[in-house]
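Open your viewer and have the selection tool ready. We will go from stop to stop, picking residues and looking at what is there.

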Amino acid sequence: MDKIVKMTALVAPMDRANVDTDAIIPKQFLKSIKRTGFGPNLFDEWRYEDVGQPDSDNSNRPLRKEFVLNQPRYQDAKILLARENFGCGSSREHAPWALKDYGFDVVIAPSFADIFFNNCFKNGIMPLVLDEAIVDALFQEVFAQEGYALTVDLESQQIVKPNGDVIPFEIDSFRRHCLLNGLDDIGLTLAHKDDIKAYEEQRKKEAPWLFSHAG
C-alpha cells in the first residue's frame, strides 16, 4: 500500500448526498477480487450513457458530459469532495478499490458510512470528516476557481487552502500511523514476521506432530 504523507492535488466536487456503494461501483463489477482495474468503471452509471460490463473496453463508450469526472477541469483530481453519508449502502470493498484505482487518495465529506469509512483506511485512501459548513465553503471555492487544489498534510493533520488558510482535522492515531507508513492488514502482520517465525520454530519443538505431513 502506498504511503500518504503530504500531497497537493486537484479537487473534484461530488455534489450529492447519500452516494451509495452501488453508485460508486455497480454490482455487475463485483465478480473480480483483483483490487485493480475498477477505475474506468467508477461511478459507471453516472459517467456513461450506456450500461457497463466487466472486462469491456470503455474507451469508446458515450460519456455524460455534464458528469463531474467527465469535465476537463477536474481531470487528474486526487481529492474527492463529497456530501454527507458518502459510501452508504452495501459493504462492498470494491468501492474504495474503484476510487483508489481511478486515482483518488483523499475523500473529504461531513460524514461517511461506517463500513466504507473503515474500508478506505484498509485500502490506502484517507477519508477526512470536516464540519458541514467548512465542506460547503470548499464546494463554493471549487466551483468558483478552476484548478482548485488543496494541500493535505497528514503529519501535521491540516489542510492548506490555495489562499493559505489552514483547516485542521482529526484522525485516529493508529490509522494515521498506517497511512503514513503504507501499512494495510497484511503489512501490519508482516511487521511481526520475525516474531511469527520464532513462535513457529518453538511450536515445532513443543508439538512436532502438528507439523508432520501424512504421507
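## Stop 1: strand β3

Select strand β3. Val106 and Ile108 point one way from the strand, Val107 and Ala109 point the other way, and all are buried. Buried means under 20% relative accessible area, exposed means over 50%, and partly exposed lies in between (1.4 Å probe, protein chains only). Strands (E, at least two residues) and helices (H or I, at least four) are DSSP runs, numbered from the N terminus.

Before you go on, note how to read this model. It is predicted, so local features need pLDDT of at least 70 and side-chain atom pairs count only at pLDDT 80 or more, while totals for chains, interfaces and linings use all residues. Residues are numbered from 1 along each chain as its sequence is written, and side-chain values use heavy atoms, with hydrogens and water left out.

## Stop 2: the neighbours of β3

β2 and β3 run parallel and are joined by three bridges. Two strands count as paired if DSSP finds at least two bridges between them. Which residue in β3 is the bridge partner of leucine 80? Pick valine 107.

Now trace the chain from β2 through α3 to β3: this β-α-β crossover is right-handed. The term means that, with the strands pointing away from you, the path from the first strand over the helix to the second runs clockwise.

Four bridges join β3 to β4, and the two run parallel. Valine 106 has methionine 126 as its bridge partner in β4. β3, α4 and β4 make a right-handed β-α-β unit.

## Stop 3: helix α3

Select α3. Its buried residues are His94, Ala95, Pro96, Trp97, Ala98 and Leu99. What covers them? The cover includes α1 (21–24), β2 and α4. Step past the helix to glycine 103, which follows α3 and has a positive phi, near 135°.

## Stop 4

Move to β5, residues 149–153. Four of its five residues are buried, so β5 is largely enclosed by the rest of the structure. Show β1 as well: β1 and β5 run antiparallel, joined by five bridges. Leucine 10 stands opposite alanine 149 in β5.

β5 and β6 pair in the antiparallel sense over three bridges. Aspartate 153 has glutamine 158 as its bridge partner in β6. The two strands form a hairpin with four residues between them, and glutamine 157 in the turn has a positive phi of about 55°.

## Stop 5: the nonpolar core

In soluble globular proteins, nonpolar side chains tend to be buried together. A nonpolar core here is a set of buried Ala, Val, Leu, Ile, Met, Phe, Trp, Tyr and Cys residues joined through side-chain atoms within 4.5 Å. The largest one has 59 residues, and Phe43, Phe86, Leu99 and Ile108 have the most contacts inside it. Strand β1 (residues 6–14) gives the most to this core, with six residues.

Zoom in on phenylalanine 43. Not counting residues up to four places away in sequence, Phe43 touches Met14, Val19, Ala23, Ile24, Phe67, Leu69, Leu80, Phe86 and Leu99. A contact means heavy atoms within 4.5 Å.

## Stop 6: the aromatic rings

Select the rings of Phe, Tyr and Trp (its six-membered ring). Two rings pair if their centres lie within 6.5 Å; planes under 30 degrees apart count as stacked, over 60 as edge-to-face and the rest as tilted. The count comes to 11 aromatic pairs.

Pick phenylalanine 86 and phenylalanine 112. They form an edge-to-face pair, 6.4 Å centre to centre, with 90° between the planes. Phenylalanine 86 is in the loop between β2 and α3, phenylalanine 112 in the loop between β3 and α4, 26 residues apart. Both are buried.

Now pick phenylalanine 117 and phenylalanine 121. Their ring centres are 5.1 Å apart and their planes are at 85°, so this pair is edge-to-face. Ring pairs link Phe86, Phe112, Phe116, Phe117 and Phe121 into a cluster.

## Last stop: a charge over a ring

Select arginine 61 and tyrosine 48. The charged end of arginine 61 sits over the ring of tyrosine 48, 3.7 Å from its centre. The rule asks for NZ of Lys or CZ of Arg within 6 Å of the ring centre and within 35 degrees of the ring normal.
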